Amino acid sequence: MPEEQLRQLMYGYGYEPHFVTVSDPSATEAAHRDFAAVLDTCIDDIHALQDAARTSPAGADAGATRWPMIVLRSPKGWTGPAVVDGNPVEGTWRSHQVPLSEIHTNEGHLRQLEDWMRSYDPGSLFTEAGELRPEIASLAPRGDLRMSATPYANGGRLLRDLVLPAYADHAVEVSHPGAEKVSPMITVGGYLRDVIERNPHNFRLFGPDETASNRLSAVYEVTDKVWQPRIEDVDEHLARSGRVMEVLSEHLCQGWLEGYLLTGRHGVFNCYEAFVHIVDSMFNQFAKWLKVHRTLSWRMPIASFNYMLSSHVWQQDHNGFSHQDPGFIDHVMNKKADIIRVYLPPDANTMLAVTEHCMQTRDTVNVIVTGKQPTPTWLGPEEAHLHVRRGIGIFGFAGSEEPGVEPDVVLGCAGDVPTLEAVAAAGLLKAAIPGLKIRVVNVVDLMRLQDSSEHPHGLSARDFDTLFTTSKPVVFAYHGYPWLIHRLTYRRTNHENLHVRGYKEEGTTTTPFDMAMLNQIDRFQLAMDVIDRVPVLGATQALFRQDLQDQRQRAWQYTRDAGKDLEAITGWTLDESSPDDAK
């Protein structure tokens, strides 16, 4: 790209570009002098801009600052071999390969390698013993001024615990399970508002233009979005300073939060579930770095990276198939077990308890997935707190177990919508088959499904078998792709009796319950799965199974005729357990 065109590009991005162009590759000293001069100019410009902002009457309202940037234009492979085997290397695409690939068999290549290394004059830098010469070592800064020792590159040295609001101040009181429908994201939005208010200098909320859409607008009661360009009269919640960093670029949000954590602060990255995939490769590199960081004794722990994913696969009735993808969970699960945590809170109080927990963790990646629409609140404040601490537990209110007697079937669930459908399915079964002993197990910490030898949060074999039995059918409704549950539980005693329903890449712009039906995690399908898998029910409950099929068909048809879900579905509560409640 011509220099003037490149200058215009960078200027358009808001920078003041300074160019250092290496026109003569052999003139390395001149290039160093040119770069040093430009660097001094840029540092002076930065100081001048900072002084102006601090002393100007306009202060922080002066508008966007045009910061200097340096563009170094040098030959590709500069100072490497100029020509190898008669082919030009320096300044060409060949320098990006291995320039001397035959040093073990080609003496000419070996001589070129030696000449290349000697061109850096190592004798002026190192002694015969290979130690750095004292006069060179003395040039390095000392103490925290060294690049490797500055606390800003070892952020754990600067990290301070967040001052967290009281969980009880934001929890939802529950008269009985499922009675109140509350948005988990609105609930946690109030909590994050108070986190920002109590921590105005070391906490930020990052997101790709979705803070309001994800129902976190409460944060704007105490802060604004940072915005340096022009602010129009019609704009809302834009200011020169604020604790919300919002821009429609998931890459920027990921990078911003990584840098914020690595310099000793705390934060949350909120995003639509489907579009967090955009940062898959950036997450990979951060997770790899985090794994190695944890092994180095001199690196202090940093605050965990918190992903808060909403507007998820099961609630996209106005966006459609493009916004339906729960696969980020599968992606993160490929990384080292001891740094990965995945939470699927089923209601507002568990979401609040999970968030409070994640804010206090160190050196992990926490992925939290929940919906933003009002959903039944199953657990009161204390019960939700205990459930999150356990990570998995029996929803006694939803099942029909008899004390001291093994259940006939286990209904497992993970995720807010799957939990609703599993609880509703249990209600249908209890009403139609009173003697059926049903256990409903909810998983909020997905890693609990793994064996304790594979993950620090994993259940022991004994504890897993206690919950899921060693021989009874298990029908599991899961938020994401069903094979992940099989992958997590393949070593479990009762895996052969595990049947998982989840997202199977069926979607469109449709109603929430139709999405459940399209992917067969709806209450009617789950109830039929139980009939099909409990041996004694297959022949005795044929009429009930037929009725479930009919109810499912009527619900499906209603979405096509009316463009919405049946009132019996949207208005369902735990007390409505009649087997024909959808008629």
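These notebook entries record what I looked up in a predicted model of one protein.

**Entry 1. Ground rules.** I number residues from 1 along each chain as its sequence is written, and side-chain values rest on heavy atoms, with hydrogens and water left out.

Entry 2. I began with the extent of the protein: its C-alpha atoms fill a box of roughly 90 × 70 × 45 Å along the principal axes. Of the 583 residues, 49% are buried. Here buried means under 20% relative accessible area, exposed over 50% and partly exposed in between, with a 1.4 Å probe and protein chains only.

**Entry 3. Cavities.** I use a 1 Å grid over the protein atoms alone: a cavity is a set of points where a 1.4 Å probe fits but cannot get out, and lining residues have an atom within 4 Å of a point. Grid points are joined across faces, edges and corners, and a volume is the space filled by probe spheres set on the points. I count 2 cavities of 30 Å³ or more.

The largest cavity has a volume of about 70 Å³. Among its lining residues I note Phe464, Phe468, Phe476, Arg492 and His495. The elements that contribute two or more residues to this lining are α12 (461-468), β18 (474-478) and α13 (483-489). By class, the lining holds 7 nonpolar, 3 polar and 1 charged. For these classes, Ala, Val, Leu, Ile, Met, Phe, Trp, Tyr, Cys and Pro count as nonpolar, Asp, Glu, Lys and Arg as charged, and the others, Gly among them, as polar.

The second largest cavity has about 30 Å³.

**Entry 4. A pocket.** A pocket is an open set with protein on both sides within 12 Å along at least five of seven lines. I looked at the second largest pocket, which holds about 510 Å³ of space. Its lining has 22 residues, and Pro374, Leu420, Pro512, Asp565 and Thr570 lie nearest the centre. Two or more lining residues come from each of β14, α11 (416-432), α14 (512-518) and α18 (567-570). The lining divides into 10 nonpolar, 6 polar and 6 charged residues.

Entry 5. I find β12 parallel to β13 (residues 365-369), joined by 4 bridges; two strands pair if DSSP finds at least two bridges between them. Arg341 stands opposite Asn366 in β13. From β12 the chain crosses through helix α9 (residues 348-358) to β13, a right-handed β-α-β crossover; with the strands pointing away from the viewer, the path from the first strand over the helix to the second runs clockwise.

**Entry 6. Aromatic pairs.** Rings of Phe, Tyr and Trp (its six-membered ring) pair if their centres lie within 6.5 Å; planes under 30 degrees apart count as stacked, over 60 as edge-to-face and the rest as tilted. I count 17 aromatic pairs. Trp378 and Phe397 form a stacked pair because their ring centres are 5.9 Å apart and their planes stand at 15°. Trp378 is in the loop between β14 (375-376) and α10 (381-390), and Phe397 in the loop between β15 (392-394) and β16 (409-414), so the pair ties together parts 19 residues apart in sequence. Trp378 is buried at 2% relative accessible area, while Phe397 is partly exposed at 24%. I also note a cluster linked by ring pairs: Phe269, Phe283, Phe286, Trp289, Phe305, Tyr307 and Phe328.

**Entry 7. Backbone exceptions.** Most residues other than glycine have a negative phi. Ser311 has a positive phi of about 45°; it lies in the loop between β11 (305-310) and α8 (328-332) and is buried at 1% relative accessibility. Asp363 has a positive phi of about 60°; it lies in the loop between α9 and β13 and is buried at 10%.

Notes
Predicted model: local features only at pLDDT ≥ 70, side-chain atom pairs only at ≥ 80, totals over all residues.
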